[in-house]
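Please look through the structure below before reading on.

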Amino acid sequence: MKGFIREFKNFAIKGNMFDMAIGIIIGTAFNNVVNALVKEILTPPLAFFASEVQFTNMRWVIREATDTQEEINMGYGILLEALIDFGIIALTIFLLIKALNRIRSRAEDPADKAEVTPKEIELLARIEGLMHEQNQILKQKKNK
């Protein structure tokens, strides 16, 4: 039992668990922002241009309701809202990752003195330069 508790403690305290928890919390908050953006900012103008029809009320009736049978319908308006949500989330994540990649590429460029380059990247850049010089010397010897 002690081994199980120690193993669980190591699992729960590892940084990956905390990173995952933080990611889930931020993802949930981000989801709330996107939902508010779609429902409160984007949907009303779209509904206005669509003759003030709410997307959630849009549906295709397959069978009308009668005294003995319920109505059967397909709610395509909810699908439209979900597609708008997806588009906004995908675009936002794309723009965020694009910005982060731009920052990362600046930080990994040893020639860019505006950003601090990690030591490992600087070392690899030096090794690459030396290998390039060595290849040039070998090519010159080969051509002689």
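## Overall layout

Read from the N terminus on, the protein chain has its elements in the order α-α-β-β-α-α, which makes 4 helices and 2 strands. The model is a predicted one, and the values in this report were computed from it.

Of the 144 residues in the protein chain, 8% count as buried. The chain exposes about 12,400 Å², and carbon and sulfur atoms supply 64% of that area. Among the contacts in the protein chain with a separation of 6 or more, 29% are accounted for by residues 24 or more positions apart.

Which residues make the nonpolar surface patch of about 790 Å²? They are W60, I62, I72, M74, Y76, L79, L80 and L83. Strand 1 (60-63), strand 2 (72-74) and helix 3 (76-108) each supply at least two residues of this patch, and helix 3 gives the most to it, with 4 residues.

Is E81 buried or exposed? The residue has its place in helix 3, and since its relative accessibility is 10%, which is under the 20% limit, E81 counts as buried.

When its neighbours within four places in sequence are left aside, E81 is in contact with K39, T43, F55 and T56. Of these partners, K39 and T43 have numbers that fall within helix 2 (15-49).

## One salt bridge

Side chains of opposite charge can pair when their charged atoms come close. In this model the count comes to 1 salt bridge, which R59 forms with E71, their closest N and O atoms being 3.3 Å apart. The pair links distant parts of the chain, 12 residues apart, with R59 in the loop between helix 2 and strand 1, and E71 in the loop between strand 1 and strand 2.

How accessible are the two partners, R59 and E71? With a relative accessibility of 43%, R59 counts as partly exposed, and E71, with 27%, also counts as partly exposed.

Technical notes:
Residues numbered from 1 in each chain as written. Predicted model: local features only at pLDDT ≥ 70, side-chain atom pairs only at ≥ 80, totals over all residues. Heavy atoms only, no water. Buried < 20%, exposed > 50% of the residue type's maximum accessible area, 1.4 Å probe, protein only. Contact = heavy atoms within 4.5 Å. Areas by Shrake-Rupley, 256 points an atom, 1.4 Å probe, with all protein chains shown as cover. Patch = residues over 30% accessible without salt bridge, like charges linked within 9 Å, V, L, I, M, F, W, Y side chains within 5 Å. Salt bridge = Lys/Arg side-chain N within 4 Å of Asp/Glu carboxyl O.
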